[in-house]
Amino acid sequence: MASPSIYDASSLEVVCSGLGYSEGPVAMEDGSILLVDIKKECLTRVRPNASGGGATSEKVIDIPGGPNGAAFGLFPIGWIVFWAIVLYKVTEKTGKFEIIKDSIGGLTDDRRLQALMIAFSFGAFIEGAAGFGTPVAVAAAMLTGLGFAPFYAAGICLLANTAPVAFGSIGIPVVTLARITGLSENGLSAWVGRICAPISIFIPMYLILVMGGPKGLAGVLPAVAVCGVAFATAQFFVSNYVGPQLTDILGALAALFALVMLLKVWKPSDKFVLEGELKAHTPKKHDFGSVVHAWSPYLYLVFFVLLAGLSGN
């Protein structure tokens, strides 16, 4: 049975309503009785003894009160979000984020591949590192700088953000769900990964289909397949065998790396023109050391989150 978790009365009422429970006893499928007392903020399960005499009871949820719910909202959720934003602002204020943008945007001038790299892959990376709207704002700004219309860029970034959002902001959705339900964090992470990974394979294909239709998709089908499979594979294995915190970050890096490797041996044979293109900013070339230095805060993030996960196990 799940361990006690933190709720407030209103949250408990919402949960009970969503599950179809109302105040009073509720018969469960396994023969036990669930006693719902919203005023006392408590759920208790009563299970008849197998021998036929008496019964045992256990609290499913025991809530000390609203202040604990507020504290849980600040720690770890608020704490992670705060430092995720700090990390992004540090790279932005030091000018390193421009190098990160150039290192991705300068790999190809094909708009479809730029969308795969920035809207999908890099957007997933920022979703994993910060979340909460940051990936759409950052990725859309990058695409706009490369010549995409601003509204169009925001639209495809929102579409691309479908794949990573379940593990956003260092896995906060899964971590929060585990904390408030008392369920296993790794177990929840695994099941969310099993649900999301098959869908993630097709998001790049749908993204390019929206941009250029069947003809546009046919021209970059190898890139679409490589990107989707690389991200989904990493998403599945990291969520199942590492945990929720690095699922998006490592999935995004896998997709980016796969696309970079593909572009060394393959280029689109057709010419794709995006309707409503604007004057593009030409990305600058940077030496390898500068690129690694610019990416280093996020590489340290991956290292220390992995280290924390290993030490916790």
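**Helix packing and cores in a predicted model**

Tyr298 lies in helix α11, which spans residues 288–312. Is Tyr298 buried or exposed? With a relative accessibility of 3%, Tyr298 counts as buried, since the cut-off for that class is under 20%. If we leave out residues up to four places away in sequence, Tyr298 touches Leu87, Tyr88, Thr91, Phe97, Ile100, Phe125, Ile126 and Ala129.

The protein chain has 313 residues, of which 46% count as buried. Its secondary structure comes to 11 helices and four strands. Among contacts with a separation of 6 or more, 68% are between residues 24 or more positions apart.

In soluble globular proteins, nonpolar side chains tend to be buried together. In this model, the largest nonpolar core holds 61 residues, and the members that touch the most others are Phe97, Phe122 and Tyr298. Which helix gives this core its largest share? That helix is α4, residues 111–129, with 12 residues. A second, separate core has six residues, including Val174, Ala178, Leu188 and Cys196.

Setting aside residues up to four places away in sequence, Phe122 touches Phe97, Ile100, Ile104, Met117, Val138, Met142 and Trp295. Lys101 is 21 residues from Phe122 in sequence, and the C-alpha atoms of the two are 9.3 Å apart.

Lys101 brings us to helix α3, where it is found. Helix α3 covers residues 96–105, and seven of its 10 residues are buried, so this helix is largely enclosed by the rest of the structure. The buried residues in α3 are Phe97, Ile99, Ile100, Asp102, Ser103, Ile104 and Gly105. Lys101, by contrast, is partly exposed, with a relative accessible area of 21%.

We now come to the packing of helices. Two packed helices are described by the angle between their axes and the distance between the axes.

Helix α6 runs over residues 150–160 and helix α8 over residues 185–219; their axes come within 9 Å and cross at roughly 155 degrees. An angle over 145 degrees counts as roughly antiparallel, and α6 and α8 are therefore roughly antiparallel to each other. Their crossing is right-handed. On the α6 side, Tyr152, Ile156, Leu159 and Ala160 take part; on the α8 side they meet Ile203, Tyr206, Leu207, Val210 and Met211. By class, this contact of α6 with α8 has nine nonpolar residues, no polar and no charged ones.

The second pair is α4 with α8. Here the packing angle is about 160 degrees and the axes are 10 Å apart. Helices α4 and α8 are therefore roughly antiparallel as well, and α4 passes α8 in a right-handed crossing. From α4, the residues Arg111, Arg112, Ala115, Leu116 and Phe120 meet Ser200, Ile203, Pro204, Leu207, Ile208, Met211, Gly216 and Gly219 in α8. What is the make-up of the contact of α4 with α8 by class? The contact has eight nonpolar, three polar and two charged residues.

In α4, Ala115, Ala119 and Phe120 meet Ile156, Cys157 and Ala160 in α6. The residues of the contact of α4 with α6 are six nonpolar, with no polar and no charged ones.

Where is Ser239 placed? Ser239 sits in helix α9, residues 221–241. Ser239 is buried, with a relative accessible area of 1%. Apart from its neighbours within four places in sequence, Ser239 is in contact with Phe167, Asn186, Ser189, Ala190, Gly193, Ala234 and Thr247.

Notes:
Residues are numbered from 1 along each chain as its sequence is written. This is a predicted model: local features need pLDDT of at least 70, side-chain atom pairs count only at pLDDT 80 or more; totals for chains, interfaces and linings use all residues. Side-chain values use heavy atoms; hydrogens and water are left out. Axes are lines fitted to C-alpha atoms, for helices over the stretch in contact, and angles run from 0 to 180 degrees between N-to-C directions. Helices (H or I, at least four residues) and strands (E, at least two) are DSSP runs, numbered from the N terminus. Angles under 35 degrees count as roughly parallel, over 145 as roughly antiparallel, 65 to 115 as roughly perpendicular and the rest as oblique. A crossing is left-handed if the near helix is turned anticlockwise from the far one by less than a right angle, and right-handed if clockwise. Contact means heavy atoms within 4.5 Å. Ala, Val, Leu, Ile, Met, Phe, Trp, Tyr, Cys and Pro count as nonpolar, Asp, Glu, Lys and Arg as charged, and the others, Gly among them, as polar. Buried means under 20% relative accessible area, exposed over 50%, partly exposed in between (1.4 Å probe, protein chains only). A nonpolar core is a set of buried Ala, Val, Leu, Ile, Met, Phe, Trp, Tyr and Cys residues joined through side-chain atoms within 4.5 Å.
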